[in-house]
Amino acid sequence: MLAEVVDKLAGRIEGLKGTPTVVRLDHVFSAFAGDVVGRICWEDKEEFLDDPDFAPEWYVETDEDQIQMVKEHISEARQAKEEHDRKGTQMDVKASVFRYIMSSDMPESERSDERLVHEGQVFFAGGTATTARTLTFISYYILSRPDVLARLQEELKDTMSAYPERVPSWAELERLPYLQALIKEGLR
């Protein structure tokens, strides 16, 4: 799932290469993080990355808008669980966090709409804003330092040589010391 969203992000950025379009990385990474978190939490393919401007308005929605969005997704997960129970079939709990919660042995009192809405807001806001800001800062510092960019490109050259036909594994990327140092410094 993550590789699919990363490929979409890479395609969008590649498609803008050579155009006069100014791209705000905070919008790009907010759209990216929103798509990832949306798929994890409620198997939604909101596809903020498909928006021509990377959906800059979505992450400044009001709390009421976010609450409504989360309520809709929780209601869908609850209805899916009830439908599977009626049919006597198993729900695909790997599809989303909320489908998993609905199918878990968690006490019903812990699965109230109010509680799950709060959890959904935490997942969505925490998972998108922090991720987007971190990626934006890391990108800025890499792009603003030609020496850092050149060293990273050199380290990635072999690992990424067959991309996009072959996507490197997490293990391969974790073995790249400079990339790991940049990520850790960005998270610090």
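## A tour of salt bridges and a helix pair

Begin by selecting E4, K8, R39, E47 and D50, which are linked in a network of salt bridges; keep in mind while looking that this is a predicted model. Side chains of opposite charge can pair when their charged atoms come close.

Select helix 3, residues 63-87, where E83 and K87 lie 4 residues apart, about one turn of the helix. These two form a salt bridge in which the closest N and O atoms are 3.5 Å apart; E83 is partly exposed at 30% relative accessible area, whereas K87, at 58%, counts as exposed.

Next, show R166 and E172, whose salt bridge brings N and O to 2.6 Å. Here E172 counts as buried because its relative accessibility is 19%, under the 20% cut-off, while R166 is partly exposed at 38%.

Move on to R145 and D147, whose side chains meet in a salt bridge of 2.9 Å, N to O.

Now select helix 6 (residues 146-159) together with helix 8 (residues 177-187), which pack at an angle of about 135° with their axes 8 Å apart, and which are therefore oblique to each other. On the helix 6 side the contact is made by V148, R151, L152, E155 and L156, and on the helix 8 side by P177, Y178, L179 and L182; these residues divide into 7 nonpolar, no polar and 2 charged.

Finally, within helix 6, colour V148, L152, E155 and T159, which are buried, and then show helix 5 (113-144), helix 7 (170-174) and helix 8, which are among what covers the buried residues of helix 6.

Notes:
Residues numbered from 1 in each chain as written. Predicted model: local features only at pLDDT ≥ 70, side-chain atom pairs only at ≥ 80, totals over all residues. Heavy atoms only, no water. Axes fitted to C-alpha atoms, helices over the stretch in contact; angles between N-to-C directions. Helix = DSSP H or I, 4+ residues; strand = E, 2+ residues; numbered from the N terminus. Parallel < 35°, antiparallel > 145°, perpendicular 65-115°, else oblique. Contact = heavy atoms within 4.5 Å. Nonpolar A, V, L, I, M, F, W, Y, C, P; charged D, E, K, R; others polar. Buried < 20%, exposed > 50% of the residue type's maximum accessible area, 1.4 Å probe, protein only. Salt bridge = Lys/Arg side-chain N within 4 Å of Asp/Glu carboxyl O.
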